[in-house]
Amino acid sequence: MTPGTLAPATGPSFDLGEDQLAVREMVREFAESEIRPIAAAIDESHEFPMETTRKMAGLGLLGMFVPEEYGGAGMDYLSYVIAVEELSRVCATHGVIASVNNSLVCYPLLTYGNEEQKREYLVPIAKGEKLGCYCLTEPNAGSNAANQQTTAVEDGDAFVLNGTKVFITTAGPADVLILYAATDRSKGPKGITAFIVDADTPGVNKGKKEKKLGIRASDTREIALVNARVPKANVLGERDKGYTVALATLGGGRIGIAAQALGIAQASLEAAVRYAGERVQFDRIIGEFDAIREMLANAAIEVETARLLVYQSAWLRDRGRPHTKEASLAKWHAAEAASKCANWAIQVHGGYGYMAEYLVERYLRDAKICEIYEGTTEVQKMVVAAQVLKERALAG
Ligand SMILES: Cc1cc2nc3c(=O)[nH]c(=O)nc-3n(C[C@H](O)[C@H](O)[C@H](O)COP(=O)(O)OP(=O)(O)OC[C@H]3O[C@@H](n4cnc5c(N)ncnc54)[C@H](O)[C@@H]3O)c2cc1C
């Protein structure tokens, strides 16, 4: 080989495919033109953005990796992740609406639903004609989600459900609930069953909309079940195998939340860079000061490493390869990156950063939730530690 020439690339490629680039362009254009004008207003009003959610549905963003025959866009997981990143770069509320419908509702219906359930529920949800929500958390079942106290008791051709779910995203507008309940409490995680529940079932009572620190326009509520009769035909997957459904669903869901965090981190970096290039103090733009440059450099490495981890976990998932550790690493790191970058963005803005008008304070409020839902950072670390210990044991 002539000195100075490079061998043909045979290693991993970091280039996105044409479809993925097209998704990025399409979602960015949509987010900039349709969502940016309302993002600050819905943060202030806490109003669920139904009109833009319908537009997301029209663009196929609510059932992205669902095959076309089931009403979805038939794209890969990486495309989905890029879409959530781009939505969240402009408005994290829209990011979580898309993430929940795709990861937490379409995925379990697609993977565990029978043909009839797919036709009845997956098709309209993937098209966004109906919205879904995911009901796992309870007052005493948070990080320890196996501690389900909602009960499902067999009664003829139905199960009768009683209990309370809390912090459910998209609960208000949801038409369909993917809901977990204990069919046999004595068996712990091996006695949990997943159900598809129509939201208008008598005994399904939605609480008032919660007021939150961030992602304020997303609709978070408690859902109480009082003798709600759910047909046996609506068991999702096998009876008593619901905890597997819940965990497998969260395995992909946390990549979606990692993408949401990545979008917020990216938005924070962009805002900080923009302001650092405009603001003048001591007759110089503040971007010339080392202290400011250090914050920008720190934000840049957080964003880039988060993106590598997030895309890697989606790439592995697309190839059906193990990605439990990688998804948790991505979620943990991207969530912290979002909080750090938003915090630096405020610092770069000085007092203006503290004012709602400059947006970066919203980024900090929105970032925090990524460290909490779909498994807190502490839970992600537990998953990563268990995986590395397993790898070590397998290696002998
Ligand atoms: C805005 C919002 C939206 C949500 N959306 C949904 C939804 O759509 N569907 C749904 O089912 N749930 C949803 N959740 C619930 C969310 O997933 C839980 O809040 C989260 O899993 C944590 O559970 P918890 O709040 O009960 O906290 P806890 O589990 O009580 O945790 C409290 C603290 O203890 C730590 N901790 C707990 N156990 C351990 C341990 N073993 N080792 C070390 N530290 C530990 C936690 O990390 C945390 O810091 C949502 C929550 C919020 C805030």
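Analyst: β3 gives the most to the shell around the ligand, with three residues. Strands here are DSSP runs (E, at least two residues) and helices are runs of H or I with at least four, both numbered from the N terminus. This is a predicted model: local features need pLDDT of at least 70, side-chain atom pairs need 80 or more, and totals for chains, interfaces and linings use all residues. Residues are numbered from 1 along each chain as its sequence is written, and side-chain values use heavy atoms, without hydrogens or water.

The ligand sits in the largest pocket. A pocket is an open set of points on a 1 Å grid over the protein atoms alone, where a 1.4 Å probe fits, with protein on both sides within 12 Å along at least five of seven lines. To sit there, more than half of a molecule's atoms must lie within 2 Å of the grid points. Two or more shell residues come from β3 (158–169) and from α10 (377–395).

Among the 16 residues around the ligand, Thr-137, Ser-143, Phe-167, Thr-376 and Glu-378 come nearest. The shell criterion is a heavy atom within 4 Å.

Now the polar contacts (N or O pairs within 3.5 Å). The Ser-143 side chain places an N or O atom 2.6 Å from a ligand oxygen. For Glu-378, a polar side-chain atom lies 2.7 Å from a ligand oxygen. Leu-136 uses a backbone N or O atom, 2.9 Å from an oxygen of the ligand.

Definitions and conventions: Polar contact = N/O pair within 3.5 Å; in protein donor to acceptor, adjacent residues only side chain to side chain. 1 Å grid on protein atoms, 1.4 Å probe; cavity = no way out; pocket = protein on both sides within 12 Å on 5 of 7 lines; lining within 4 Å.
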